[in-house]
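Trainee: Hi! Could you walk me through this one?
Mentor: Happy to, here it is.

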Amino acid sequence: MSWSGSAGLLLAADASPSPSSLPGSPSPDPADGGLLGNTPTSLTQVQQSANDAAGWVDQNWQGWVAGGVRIVFIVFLALILRAVVRKLITQLIARMTRGAEESATGTGRLGGLLVNAERRRQRSEAIGSVLRSMASFAILGTAALMVLSALGVNLAPLLASAGVAGVAIGFGARNLVTDFLSGVFMILEDQYGVGDEIDAGVATGTVLEVGLRVTKLRGADGEIWYVRNGEVKRIANMSQGWSTAVIDVQVGYREDLDRVQAIILATAEEMAKSTPWDELLWEPVQVLGVESVAADSVVLRVEARTMPGKAGLVARSLRARLKTAFDEAGVRLKDDGVTASPDPDRPVPGGDAAPPSALANPDSPQSLAARPLDGARARAPRTRGESAVGRDLGKG
């Protein structure tokens, strides 16, 4: 029976002597793993290697499949959980925004300005962004550790190193952590926002940017302040709710206060009906009463509730209008002097100024005594003088 094909060649090669058995051929070196190493040189070795590989695959394929399925399940579950959490956060933010809009609609224009729905929406979006980022980091980080564990990576050294690094960073960057936490609570509590006029203690100005670590302010002189959130101990926000414009109006001591108050209220009412003061003035102007009394003037205090941050603008405009109204009504802002009174040591305030001297009155004794002498009276003293001189000469 004859053999043909590759099977015959393999059998012939197997039947032929190996190169190591030939005279003069080099012997295999055990240190080098043999002359040909682990490379199979015969059909039997090839079959043995294939059987070993098949057996190793047969023993481990179930673990591979289980590990792959586990990794896929972990990744899939992490993505699903991340999507669900982000969806819940988005719905929560939408509910917060919708509640702000309903509050603004239900309380009218003044209530809408107080609630500030747009500001609430921006703050809600900022909070939602922070929450979504934190949720994604926590979920995906946990999933990554579980995947490494499924791949057979020993997580004990990694977790120990992370713990040591976290402690070191916590001690070395405690100020950074303080700034970050303070920024988070500032945003959550809506202490201030972009465009607000605030007094942070260390700096005062208009908020340009609110970050989790640093707040940027624009000062009154144009300078930019970078304030660390952890350094802010107190905050005075002049742009939330409303502002109060306080105006002190000075009038003369002898002016009729009821008439002055009527002029102030009429001027303020006319101002409130014009643009843009109809939006800046939120309540009618009130005259609180007399603030102080001086010898020549009386100060009335006027108060007006305005839009946040517009108190100075309203106060300046109202002062200008009151000045014009007082000029037209003849109201004097200050009396020039005092008038006479029964007691000369206690003059009555608010009267006309006293004459500069007694000589200004032509009927006063001082003025009569200082009047020039007429001709007859002027000659008589000279005659008496001459006779007196003559008598003196005669005696001499």
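Trainee: Which residues line the largest cavity?
Mentor: Y192, I198, A200, T215, L217, V227, V232 and I235 line the largest cavity. A cavity is a set of points on a 1 Å grid over the protein atoms alone where a 1.4 Å probe fits but cannot get out, and lining residues have an atom within 4 Å of a point. Keep in mind that this is a predicted model, where local features need pLDDT of at least 70, side-chain atom pairs count only at pLDDT 80 or more, and totals for chains, interfaces and linings use all residues. Residues are numbered from 1 along each chain as its sequence is written, and side-chain values use heavy atoms, with hydrogens and water left out.

Trainee: What volume does the largest cavity have?
Mentor: About 30 Å³.

Trainee: Switching topic: how many helices and strands does the chain have?
Mentor: Eleven helices and ten strands. They are DSSP runs numbered from the N terminus: helices are H or I with at least four residues, strands E with at least two.

Trainee: And where is L145?
Mentor: L145 sits in helix α4.

Trainee: Is L145 buried, partly exposed or exposed?
Mentor: L145 counts as partly exposed because its relative accessibility is 33%. Buried means under 20% relative accessible area and exposed over 50%, with partly exposed in between (1.4 Å probe, protein chains only).

Trainee: What share of the chain is buried?
Mentor: Of its 396 residues, 23% count as buried.

How values were computed: 1 Å grid on protein atoms, 1.4 Å probe; cavity = no way out; pocket = protein on both sides within 12 Å on 5 of 7 lines; lining within 4 Å. Points joined across faces, edges and corners; volume = space filled by probe spheres on them.
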